[in-house]
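This briefing covers strand pairing, helix packing and model confidence, in that order. Please read it alongside the sequence and the coordinates.

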Amino acid sequence: MDDAPRTTWQALARGHYLRTAWPWRAAGYLAGSALTGIPVLLALVLLATAGAALGLAVIGLPLLALLGLAGLPTAAVERRRLRWVDSDPAASPHRTPAEPGLRAWAGLRYREQATWRELGYAVLHGFLLWWVDLVAVGTLLGLPLLLLTTPLQLALSGDGDGEVKVLKLWLVTSYPVAFAVAAAGAVLLPALLYPLGALAGARAALARALLAPREREVRGLLTEVTRSRARLVDAFEAERRRIERDLHDGAQQRLVALTMTLGLARLDAPPGPLADQLAAAHDEAGKVLAELRELIHGIHPQVLTDYGLTGALADVAERCAVPVDTHLAAGLPRLPESVEAAAYFGVCEALANIGKHSGAARAAVCARHTGAALLIDVRDDGRGGADPAAGSGLTGLADRIAVLDGTLTITSPPGGPTVLSLEIPCPVSSPENSPASSP
């Protein structure tokens, strides 16, 4: 359910808290604190003692350095334990090293504030928090459970004439008194589950504040993801160019040579079946060469490399089945290859859809650069009703634009017109990207 509580605090605010599993999840979270607190305490004491005893020896310094990273495994376990009382996952605040290897990883970790917050949490958890959690569970949950089991304790103490001292304070010698004490425990148990849940919620809030990423770290992680995504786009474009180059310099040249050889053989062959077969082979080789050239053009058109986005958009507009008016801003600057390629193929996809599905009599392509972003509008006067989910290629186009932090907007009411708008952030600030430098 959408309104289901996601934290212990939210569950406490609901009227049916005791009828849910949240009280027992809170108890499990606090009781499980000892399972991590005791090993953390032993590890901290061992590392600190050994490092201090060895001092500046060869082994002492690495042990003291390792102490600085002792909070990392503790934090990883505690973030997973948070799910007992907080359904929202706590992400790791650490960034990925730019280079592989232990040295790069350790250097980055020692420079991150999150590492030292996690070490502080480990010290606090090992020396204090798990003790508090265990005492709280023992008091708030153990006390009513001991009262509830008073009749059982009395039964196990002797043959009807036994006695039991409840909580080392009250002596119970009869079953009526034992059942009265048990009734008091039954009343006390649900009342104490509320402060138990409140303590678990406070503990979880403290853990999240120290172990989850803060706003600045979240921005850093998002920046890292953006840069990684940009590197992937650049690598993808470089691979496309390599394939284009291999096809152009290898397979295409071989096909050209084969076509010329077949043509010469066709001229030298006397009329007859052999000449007919050579003619058929020559024609087929020509078709394959034309398809290969079209494939190379589709991988990365040479006109985009030679004349930039302005020339490439004008070229694709001329080859469209529907007449296209182009309104390209004068001096459109040269942009990063990934941006130009995404914009070019976006316009190609839009014009192909216009020719196949729109029934338009005319289309228009408008492109301009604002200094911070590339804006392209493709408009047609067709029937409208374009649906990206209908398999028109618009979904893939939107994904490709999104990789560059761009957006694709489609306005296509029934009856038209249809307007497809691309916006790709690409600020131009260097002289190399200025309009004057574009060929």
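**Strand β4 and its partners**

- The two strands β4 and β5 form a hairpin with 3 residues between them, and within that turn G371 has a positive phi of about 100°.
- Strand β4 also pairs with strand β3 (residues 324-328), but here the two run parallel and are joined by 5 bridges, with L328 standing opposite A367 of β4.
- Because 5 of the 7 residues of β4 (residues 363-369) are buried, this strand is largely enclosed by the rest of the structure.

**Packing of helix α5 against helix α7**

- The axes of helix α5 (residues 71-81) and helix α7 (residues 113-148) come within 8 Å and cross at roughly 75°; since angles of 65 to 115 degrees count as roughly perpendicular, α5 and α7 are therefore described as roughly perpendicular to each other.
- On the α5 side the contact is made by G71, L72, T74, A75, E78 and R79, while α7 contributes T115, E118, L119, Y121, A122 and H125.

**Packing of helix α2 against helix α7**

- Helix α7 also meets helix α2, their axes coming within 8 Å and crossing at roughly 140°, and α2 and α7 are therefore oblique to each other.
- The residues that make this contact are W24, A27, L30 and A31 of α2, together with D133, L134, V137 and L141 of α7.
- The contact of α2 with α7 divides into 7 nonpolar residues, no polar ones and 1 charged residue.

**Confidence of the prediction**

- Across the chain the pLDDT averages 78, and 79% of the residues score at least 70.
- Confidence is highest in helix α2 (residues 22-31), at a mean of 92, and lowest in helix α4 (residues 60-68), where the mean is 68.
- Over residues 430-439 the pLDDT stays under 50, and for this stretch the model has 14 contacts beyond four places in sequence.

Terms used. Residues numbered from 1 in each chain as written. Predicted model: local features only at pLDDT ≥ 70, side-chain atom pairs only at ≥ 80, totals over all residues. Heavy atoms only, no water. pLDDT = per-residue confidence, 0-100. Helix = DSSP H or I, 4+ residues; strand = E, 2+ residues; numbered from the N terminus. Contact = heavy atoms within 4.5 Å. Buried < 20%, exposed > 50% of the residue type's maximum accessible area, 1.4 Å probe, protein only. Pairing = 2+ DSSP bridges. Axes fitted to C-alpha atoms, helices over the stretch in contact; angles between N-to-C directions. Parallel < 35°, antiparallel > 145°, perpendicular 65-115°, else oblique. Nonpolar A, V, L, I, M, F, W, Y, C, P; charged D, E, K, R; others polar.
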